[in-house]
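Dear colleague,

I am handing over a structure for you to look through, and my notes on it follow. Please read them alongside the coordinates.

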Amino acid sequence: MTLAVLGTGRFGGQLVRALARAGHRVLAGTRSPLKSENQSLSQDTGAPLLSLSGAAAQAEVVFLALPWTETLGVLRGLDLRGKIVVDCTNPIDRSGLTLGPGTSAGEEVAKACPGARVVKGFNGVGSELLLDPVVEGQAAHVLLASDDRPAMGVVAGIAQSLGFEAQEAGALENARLLEALALLWIRLSFQAGLGPRVALRVLRP
């Protein structure tokens with residue numbers, strides 16, 4: 001499959017690097033292809049730099065790594081029918097979650113791209129973990145929520161190829177819980193001083 005990452009900021013750039021290192025064919029979607037950081041990203045990974053729409057059009061799986069405030073506007077200009085769309089965003093500002101309790105970024109993404117196979121995932125993973133997801137000998141978990149079980153399975157496989165473990169967390173409406181959990185992760189990492197390599201993991205017998 002061809003994977004596209006829309007957004008080449010800190011998280012998106014690291015995700016491109018991680019996917020390329022794992023052997024995936026990955027496209028980097030950006031508004032700034034001439035930016036030196038993006039040129040370096042492309043040279044280091046072999047990932048072509050394309051427009052957001054160009055990358056999305058050529059991929060079977062599209063990762064959303066844009067700021068939440070820009071995401072819906074971008075999606076309304078894309079045709080993502082039939083594609084797996086992985087929503088990595090978090091609707092968070094300094095005061096906390098900006099959506100909910102009756103909806104989530106994942107659910108709003110699904111409304112904005114009808115016909116897409118939306119999976120919430122990777123939103124509780126810091127960029128520092130993407131290239132090295134093992135902390136104290138244990139792999140971090142990527143938690144996933146979707147109404148499309150086969151699509152969730154595809155994303156789980158991609159997460160595992162990067163060295164993560166994957167845990168399905170039910171229907172897409174549970175993105176509301178995953179986004180709240182991501183807010184907790186951010187506060188533990190930065191406000192509680194635990195550092196950016198704090199990882200979430202589900203322990204099971």
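Helices (H or I, at least four residues) and strands (E, at least two) are DSSP runs, numbered from the N terminus. This is a predicted model, in which local features need pLDDT of at least 70 and side-chain atom pairs count only at pLDDT 80 or more, while totals for chains, interfaces and linings use all residues. Residues are numbered from 1 along each chain as its sequence is written, and side-chain values use heavy atoms, with hydrogens and water left out.

I begin with the backbone. E136, found in the loop between β9 and β10 (138–139), has a positive phi of about 50° although it is not a glycine, and at 77% relative accessibility it counts as exposed (buried means under 20% relative accessible area, exposed over 50%, partly exposed in between, with a 1.4 Å probe and protein chains only). F122, in the loop between β8 (117–120) and β9 (134–135), likewise is a residue other than glycine with a positive phi, near 70°, but F122 counts as buried because its relative accessibility is 1%. The peptide bond from G100 to P101 is cis, with omega near 5°, and P101 is placed in the loop between β7 (96–97) and α5 (105–112).

Next comes the interior. Contact here means heavy atoms within 4.5 Å; leaving out residues up to four places away in sequence, L19 touches L3, V5, H24, V26, F63, I158 and L162.

L19 is also one of the buried residues of α1, together with F11, G12, G13, L15, V16 and A18. The cover over the buried residues of α1 includes β1 (2–6), β2 (25–29), α2 (36–45), β4 (61–64) and α6 (149–161). Just after α1, G23 takes a positive phi of about 95°.

Finally, helix α7 deserves a mention. L184 lies in α7 (residues 175–191) and counts as partly exposed, because its relative accessibility is 46%. E179 also has its place in α7, but at 2% relative accessibility E179 counts as buried; beyond its neighbours within four places in sequence, the contacts of E179 include D87, K120 and N123.
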